[in-house]
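The entries follow in the order I took them.

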Amino acid sequence: MRIGFDKAFIILIKVLTLFSLLLLSFIIIFVFKEGYIFFKEVPILKFITGTTWNPLSDPRNLSIFNIILATLYVSLVAIIIALPIGVGSALLLSGYVKERPRLIIRGLIDIIAGIPSVIFGFIGLMVLVKFFEKFFDFPSGESVLAGGILLAVMVLPYIISTCDETMDKLYRKHSPAAQAMGISKIYILRTIVLPQSLRGIVAATVLAFGRAMGETMAVMMVIGNAPIMPRLLGKCQTIPSLIALEMGMAEVGSLHYHALFAAGFVLMVILLMINVALYYVKRSLNR
Amino acid sequence: MMKRIQSALFALWISVSCVLTIAAGLFIILYIFIKGFKTITWEFLLSNPGGIPIGVEGGIFPAIIGSLLLMLISIVFAFILALATAVYIVFYCESQRLENTAHVIIQCMAGIPSIVLGLFGYTVMVVSLNMGRSLLSAGLTLGIMIFPFIQVRIEKAFREFSKSVLNASYSLGVSKVYTIFRLILPQCRRDIVSSITLAGGFAMGAAAPIMLTGAVIFAPAPKALSSPVMALPLHLYILSNESISMEKSYATALVLIAILITINIFAITLTLWRKEVKR
């Protein structure tokens, strides 16, 4: 009886594991399958390098160069803003803050990480976009910059917790020796912890970049969603927001519908590459 | 002198960044609480949305129920898969290569943007399997989204399990299955519950995957797995993006954020408690 149960349990575990690991290939295959129908009509190179996206014109122009560029641009702005702040906060947390306040700050950071993107988008719309319109006299506050700032706040928790993990270990390792020699905390942080945690910072950047590129709701609510060449203070359109906005309008089976899957496929390929890279960076960290 | 200035600049940089981070977090939470607080009434929480366009009057009851149900379905689905995968990788997997492959796959799944999961859910569940835009399609899509999140945390908890207890159990001739059920699972219970609640919060806040697979602008509280649902994040998006009602938007945001903060604090306290006990 017992042995039968054990065997059944092992088989069940194996089947479920196989299923969960195969899910990734299901996702890739199904999204590719729907996108492939589009690639048969429009060559993939033209899809990626062409600059006009206009599903309603005739003949249809469905190319996403501007949109890919904008996706990268918004994420890059976010990283440029978030990285110095995130690394700085992680340094302070790992060296300076005492146990109890540290727990509270970490808790607050976890809570920021748990705030849904729709709420970020909502606040961006109500505060950031309004602020740009009022103080800088833009015709519309919806811009790449607004998206970048918003995304920066959203990826901050990822950067801080990834950096803090490495930095905390380094600080604990070196601080007794340094303290015995009378070296100040700030000096250890600046000359030992910061340079040695370079790999952790790289891992954090890659992770944050991947998160930023795939973000939908928050970005969609503040960038204006116009598929034009992105400028820092102008409107733009990212791949996730394109899919989210137009999926409802596209008729199942139309070229437009398949083009959206093709765009999703391109985004997925970029992110899969980023994540494989992240896996290897992380592994080299743990050695 | 130069060194002094460098040190001072460095200190300034790290303290300013930390202050900025804390300020951003507090600002978001306080802003929503202050702006939304006065609209929250029992009527708002417990009645259906009404008016034209829908949402101008009334409340958000079906959205609250819808979000909770979506969370429940996604958690059940993701938890079963994540637990099995973690058990297999930690206790049964013999080959290092297979283990590494599994880790790469899970890392990649965690990196797939939620909107692409929405596309997947749409083409497979809504269109091919003919499940329609429903509670079930949306819940399963969310489940796929949070599966890697739960799996990584459960696996970490298993790996932290004391090796000597494990070896003692094996050398007494206790079977692996019995060890897992009687020793490991009860002791990792807190970590598992905490990871599930965090993941549930994550699923509840996601709007992108469900807007393609099952969430709609208006539906009564769902009666069956096949009925479409309302969800808080999508409701908030529609209210604010189409400028239907700013007051109701703030209040909806407040309800959503209050539920999520409660979930987060619950999960954080569970793991903290464990750390204190270990000391």
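Which residues are buried in α4(B)? I found B:Ile106, B:Cys108, B:Met109 and B:Gly111. The model is a predicted one, and I kept that in mind throughout.

**Entry: α4(B).** I asked next what covers these buried residues. The cover includes α1, α8 (198-214) and α11 of chain A, together with α6 of chain B. Then I checked the length of the helix. α4(B) runs over residues 96-111, which makes 16 residues. At 1.5 Å a residue it should span 22 Å, and its end C-alpha atoms are 23 Å apart, so the two values agree.

**Entry: α1(A).** I ran the length check on this helix too. α1(A) covers residues 2-41, 40 residues in total. α1(A) bends by about 30 degrees at A:Leu22.

Which residues of α1(A) are buried? I noted A:Ile13, A:Thr17, A:Ser20, A:Ile27, A:Val31, A:Glu34, A:Gly35 and A:Phe38. I recalled a rule on spacing here. An α-helix has 3.6 residues a turn, so residues three or four places apart point the same way. Next came the cover. The buried residues of α1(A) are covered by elements including α11 (255-286) of chain A, and α3 (61-92), α5 and α6 of chain B.

**Entry: the contact between the chains.** How many residues does each chain bring to the contact? Chain A gives 64 residues and chain B gives 66. On the side of chain A that touches chain B, the largest share comes from α1(A), with 16 residues. I sorted that side of chain A by class: 48 residues are nonpolar, eleven are polar and five are charged.

**Entry: positive phi.** I turned to backbone angles in chain B. B:Asn130 is not a glycine, yet its phi is positive, about 60 degrees. I placed B:Asn130 in the loop between α5 (114-128) and α6 (135-159) of chain B. Is B:Asn130 buried or exposed? B:Asn130 counts as exposed, because it has 7 C-beta neighbours inside 10 Å, and the cut-off for exposed is 12 or fewer.

B:Ser243 also went into the notebook. Its phi is positive, about 45 degrees, although B:Ser243 is not a glycine. Where does B:Ser243 lie? I found B:Ser243 in the loop between α11 (232-241) and α12 (246-278) of chain B. B:Ser243 is exposed, with 9 other C-beta atoms within 10 Å.

Note on methods: Residues numbered from 1 in each chain as written. Chains lettered and ligands numbered in written order. Predicted model: local features only at pLDDT ≥ 70, side-chain atom pairs only at ≥ 80, totals over all residues. Helix = DSSP H or I, 4+ residues; strand = E, 2+ residues; numbered from the N terminus. Buried ≥ 20, exposed ≤ 12 C-beta atoms within 10 Å, placed from the backbone. Expected span 1.5 Å × (residues − 1). Bend = angle between axes of the 7 residues up to and from the residue. Contact = placed C-beta atoms within 7 Å. Nonpolar A, V, L, I, M, F, W, Y, C, P; charged D, E, K, R; others polar.
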